[in-house]
Amino acid sequence: MGKPLFYEILEKPATSGIIGICCAIWFYIQKKNIGYSHVGLSYETAMEGHHWRIITSAFSHISVIHLVFNMSALWSLGVLEQLGHMGLGVAYYLHYTLVLVILSGILVLGMYHLLIQKFKLEYFRRVTAVGYSCVVFGWMTILSMKQPSSKLELFGFLSLPISFAPFESLIFTSIIVPQASFLGHLSGIIVGYAIAWGLIHGMNNFWALSMLGWVVLVFIFSLKKSNTYDFDFLEIESVTDPSLPSVRFLSAGNGRTLQMNALPTGDVEIV
């Protein structure tokens, strides 16, 4: 008989928290009847400045089967939090989860860009990716390199050797769920190998918090700039030269503002 669920949650605090967040977002999406096009990531929306979708797409699920598959795999991968003696552990897990979310999203946009611009496959302009699969596949890859003797448990009864799990799951989901994002899953695997091989390394609390701060800033500014959400305390307006935007934080009390000029920017391109 295994450990009580309560003790397993205490042993996997970060995993448990992420599962709780994804489930809460899924419940909210269902309750508000929000479609994947409103939260998912596509090349077209990214080019329109909806960079916030890199975050929302990762934590959103539309289908309950998709949610259960990703969360059951993530729960099994939570063993990474208990491998502090191998240089992993809770801090490592949180640091590189942030890296996986951001880089896999950017990488999949880069793949779309290549397919659209180089190979003229306009179909990928509107393909929308949604779900935590990119991070799940990334952690599968990392665990397969760090502890190849591990098993990946799915749905509580299906067990896969972790050494083959990334590509087994890639094929399995492509067959069972034809609309699953092959490129999204592949991007997670690629970033996972880059982390496992040490090509991406050096994350600590300072760099993780710095990266998180920039992510929050870009998230808020892209929400504002794309007119998705109106932040009353923030204005983005042009100055004498339209190519030089200024950012002003408005004070509700005395009307004073803090103005910051930025360098000129052109059309956004993901390459």
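Helix 7 and helix 8 are oblique to each other. Their axes cross at roughly 130°. An angle over 145 would count as roughly antiparallel, and 65 to 115 as roughly perpendicular, so this pair falls in the oblique class. The model is predicted.

Helix 7 covers residues 89–117, and helix 8 covers residues 133–146. The two axes come within 9 Å. The crossing of helix 7 and helix 8 is right-handed. On the helix 7 side, the contact uses Tyr92, Tyr93, Tyr96, Thr97, Leu100, Val101 and Ser104. These meet Cys134, Val135, Gly138, Trp139, Ile142 and Lys146 in helix 8. By class, the contact of helix 7 with helix 8 has nine nonpolar, three polar and one charged residues.

Helix 8 also packs against another partner, helix 10, which spans residues 182–196. The axes of helix 8 and helix 10 come within 7 Å and cross at roughly 35°. The crossing of helix 8 and helix 10 is right-handed. Helix 8 supplies Ser133, Cys134, Phe137, Gly138, Thr141, Ile142, Met145 and Lys146. Helix 10 answers with Gly184, His185, Ser187, Gly188, Ile189, Gly192, Tyr193, Ile195 and Ala196. The contact of helix 8 with helix 10 divides into eight nonpolar, eight polar and one charged residues.

Now turn to a single residue. Serine 57 lies in helix 5, residues 53–59. Is serine 57 buried or exposed? Its relative accessible area is 7%. Buried means under 20%, so serine 57 is buried. A polar atom of its side chain lies 3.4 Å from the backbone oxygen of isoleucine 54. What does serine 57 touch beyond residues up to four places away in sequence? Its contacts there are Val39, Gly40, Leu41, Ala129, Val130 and Gly131.

Finally, step back to the whole chain. The chain has eleven helices and five strands. It holds 271 residues, and 42% of them count as buried. Serine 57 is one of the buried residues. How much of the contact in the chain with a separation of 6 or more comes from residues 24 or more positions apart? Such residues account for 65% of those contacts.

How values were computed:
Residues numbered from 1 in each chain as written. Predicted model: local features only at pLDDT ≥ 70, side-chain atom pairs only at ≥ 80, totals over all residues. Heavy atoms only, no water. Axes fitted to C-alpha atoms, helices over the stretch in contact; angles between N-to-C directions. Helix = DSSP H or I, 4+ residues; strand = E, 2+ residues; numbered from the N terminus. Parallel < 35°, antiparallel > 145°, perpendicular 65-115°, else oblique. Left-handed = near helix turned anticlockwise from the far one by under 90°. Contact = heavy atoms within 4.5 Å. Nonpolar A, V, L, I, M, F, W, Y, C, P; charged D, E, K, R; others polar. Buried < 20%, exposed > 50% of the residue type's maximum accessible area, 1.4 Å probe, protein only. Polar contact = N/O pair within 3.5 Å; in protein donor to acceptor, adjacent residues only side chain to side chain.
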